[in-house]
Amino acid sequence: MIFDTHAHYDDEAFNADREEILSGLSSHNIGNVVNIGVDIQTCKNTLKLAEKHSFIYAAIGFHPSDTKGMPKDNIDWLYEHAKDNKVVAIGEIGLDYHWSESEEENQSQQEWFRAQIALAKEMELPIVVHSREAAADTMNIIREEKAAECGGIIHCYSYSAEQARQYVDMGFYIGVGGVITFKNARKLIETVEAIPLTSIVLETDCPYLAPEPHRGKRNDSSLLPLVATKISEIKGVSVEEVIKTTTQSAYKVYSIKKQ
């Protein structure tokens with residue numbers, strides 16, 4: 001069964017048919033899903049989904065784009081709810097300079113990233129890292145904060161193969177989703193070629209980043225076989241081997257007992 005390590009089923013894009021989609025995932029060979037929060041409200045929604053569905057787990061954290069002006073005591077909320085037995089990671093957290101308008105905003109993102117890494121280490125949970133146009137700062141903070149002690153997933157990886165090797169050497173996993181099927185996915189293909197299959201996990205980031213030939217449409221976990229197929233072509237192994245290996249890695253990084 002396939003493990004989707006990064007989804008957003010609480011998103012309003014699923015409001016019309018959320019339960020129908022979730023109830024049908026097993027028929028598409030989807031065994032488990034980690035739903036990811038990005039702010040307090042989506043974290044609350046994620047916890048409710050995980051409570052309702054046995055196959056869904058929760059990651060809670062504050063996305064870098066949501067940290068501007070956020071009250072400092074919001075970290076207390078994370079500390080409290082990270083103790084929930086369905087919470088398997090702190091995320092998604094990190095840096096995103098794409099929409100950032102000032103160095104002050106970048107600094108705020110960095111402070112929240114560091115604080116949430118510290119939380120993850122204290123709670124002995126892995127991190128799910130979002131990094132966009134912030135390669136050097138992300139790597140520097142992860143090294144400075146010794147985030148390898150908790151490990152985690154570099155989500156929707158978009159940087160060089162060489163930097164991916166550095167993350168893998170630290171024990172991190174590389175999240176690969178629909179982008180691997182895009183025509184302009186050269187850098188990600190090079191990354192998948194360069195790192196061991198055992199360091200890759202599958203993810204959708206749904207409802208975003210649907211794989212070809214569904215690009216631009218709503219994504220969901222049932223499309224992950226297309227991602228697995230592309231990885232199998234790149235690595236020269238069977239689709240079954242990709243699914244088996246990435247699922248084992250997902251259980252390992254999230255410390256979930258194999259179903």
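Lysine 187 touches Ser158, Tyr159 and Ser160, residues up to four places away in sequence not being counted; contact here means heavy atoms within 4.5 Å. The model is predicted, so that local features need pLDDT of at least 70 and side-chain atom pairs count only at pLDDT 80 or more, whereas totals for chains, interfaces and linings use all residues. Residues are numbered from 1 along each chain as its sequence is written, and side-chain values use heavy atoms, with hydrogens and water left out. Lysine 187 has its place in helix H7; helices (H or I, at least four residues) and strands (E, at least two) are DSSP runs numbered from the N terminus. With a relative accessible area of 37%, lysine 187 is partly exposed, a class lying between buried (under 20% relative accessible area) and exposed (over 50%), computed with a 1.4 Å probe on protein chains only. A separation of 14 Å is found between the C-alpha atoms of lysine 187 and isoleucine 231, which are 44 residues apart along the chain.

Strand E7 (residues 173-176) directs Tyr173 and Gly175 one way and Ile174 and Val176 the other way, and all are buried. Strand E6 (residues 152-154) runs parallel to E7 and is joined to it by two bridges; strands count as paired if DSSP finds at least two bridges between them. Isoleucine 174 in E7 stands opposite isoleucine 154. Together with helix H6 (residues 161-169), E6 and E7 make a right-handed β-α-β unit. A crossover is called right-handed if, with the strands pointing away from the viewer, the path from the first strand over the helix to the second runs clockwise. Three bridges pair E7 with strand E8 (residues 200-202) in the parallel sense, and leucine 202 in E8 is the bridge partner of valine 176. From E7 the chain crosses through helix H7 (residues 186-194) to E8 in a β-α-β crossover that is right-handed.

Helix H4 (residues 103-123) contains 21 residues and reaches 30 Å from its first C-alpha to its last, close to the 30 Å expected at 1.5 Å a residue; the expected span is 1.5 Å times one less than the number of residues. Buried residues of H4 include Glu105, Trp112, Phe113, Ile117 and Leu119. Among the elements that cover the buried residues of H4 are helix H3 (74-81), strand E4 (87-96), strand E5 (127-132) and helix H5 (135-144).

Grid points are joined across faces, edges and corners, and a volume is the space filled by probe spheres set on the points. The largest pocket holds about 780 Å³ of space. Its lining comprises 30 residues, of which His130, Arg132, Cys156, Asp205 and Leu209 lie nearest the centre of the pocket. At least two residues of this lining come from each of E4, E5 and H7. One cavity of 30 Å³ or more is found in the whole structure. The lining of the largest cavity consists of Cys156, Tyr157, Gly175, Val176, Gly177, Val179, Leu188 and Glu203.

Technical notes. On a 1 Å grid over the protein atoms alone, a cavity is a set of points where a 1.4 Å probe fits but cannot get out, and a pocket is an open set with protein on both sides within 12 Å along at least five of seven lines; lining residues have an atom within 4 Å of a point.
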